[in-house]
Amino acid sequence: MKKLQFNSLVILSFFFISLAALMIGTVTNGTATMALFSVYRASLLDPLTYVRFFGHIFGHASVSHFFGNMLLLLVVGPPLEELYGSKTLIGAILSTAIVSGLLQFILFPNSMLLGASGIVFMLIMLSSLSGAKSGKIPITLILVAVMYLGQELYSIFFVQDNVANLMHIVGGICGVGWGFLLKQTK
């Protein structure tokens, strides 16, 4: 019988923390999700405000929201962790979390952000740059960016839902930034 392999420390840890956050949120009828796993305008004197700047990436509004994000995270994340290393991937995730959390806090005082979508889109954009040769812009990046931006912009203007499309775009921009930064260091 073959043994199981914990093949992607950061991505699998992200998955299990998000799963725990979903279960805790469900058991507490959303109270824990609101307190720890969502970012929204709150007093800067509240220590949990700073936890939420990062914690929002682990919260999800429903099981289907969780599955949608985690499926893509589990497909795109492990190869990137293998390519760039766990520390680099943690840096990319945490920086994307803080950028999107702060922007949500500052720009949208009357709404709340939660979920891993920004992280997933950061990983997708980073992935589209991962095979590029130094000094070159891959066509796959352009196609993914056009399709992705087009979909998000369409949703911003024509779809009325509770999806934070601007924060998806922010995640994608962070992914491109990390991609170009990592290309320069290799």
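Predicted model: local features only at pLDDT ≥ 70, side-chain atom pairs only at ≥ 80, totals over all residues.
**Helix H6 and its surroundings**

Let us start with H6, which runs over residues 117-129 and has 13 residues. From its first C-alpha to its last, H6 reaches 19 Å, close to the 18 Å expected at 1.5 Å a residue. Most of this helix is covered, with 11 of its 13 residues buried. Those buried residues are Ser117, Gly118, Ile119, Val120, Phe121, Met122 and Leu123, then Met125 and Leu126, and finally Ser128 and Leu129. What do the buried residues of H6 pack against? Their partners are five helices: H1 (9-27), H4 (63-84), H5 (86-107), H7 (139-158) and H8 (165-185).

**How H1 meets H5**

Two of those partners, H1 and H5, also pack against each other, at an angle of about 45 degrees and with their axes 9 Å apart. The two helices are therefore oblique to each other. On the H1 side the contact is made by Val10, Ile11 and Phe14, and on the H5 side by Ser86, Leu89, Ile90 and Ile93.

**The salt bridge**

How many salt bridges does the structure hold? There is one. Side chains of opposite charge can pair when their charged atoms come close. Here Arg52 pairs with Asp46, and their closest N and O atoms are 3.4 Å apart. Arg52 is buried, whereas Asp46 counts as partly exposed.

**Residues on the outside**

Most residues other than glycine have a negative phi. Asn29 is not a glycine, yet has a positive phi of about 55 degrees. You will find Asn29 in the loop between H1 and helix H2 (31-36). Is Asn29 buried or exposed? It counts as exposed, because its relative accessibility of 72% lies over the 50% cut-off.

Val75, in helix H4, counts as exposed too, at 56% relative accessibility. Along the sequence Val75 and Ser128 are 53 residues apart, while in space their C-alpha atoms are 13 Å apart. Ser128, for its part, is one of the buried residues of H6.

The accessibilities quoted for single residues are gathered here.

| Residue | Relative accessibility | Class |
|---|---|---|
| Asn29 | 72% | exposed |
| Asp46 | 27% | partly exposed |
| Arg52 | 2% | buried |
| Val75 | 56% | exposed |

Key:
Residues numbered from 1 in each chain as written. Heavy atoms only, no water. Helix = DSSP H or I, 4+ residues; strand = E, 2+ residues; numbered from the N terminus. Expected span 1.5 Å × (residues − 1). Buried < 20%, exposed > 50% of the residue type's maximum accessible area, 1.4 Å probe, protein only. Contact = heavy atoms within 4.5 Å. Axes fitted to C-alpha atoms, helices over the stretch in contact; angles between N-to-C directions. Parallel < 35°, antiparallel > 145°, perpendicular 65-115°, else oblique. Salt bridge = Lys/Arg side-chain N within 4 Å of Asp/Glu carboxyl O.
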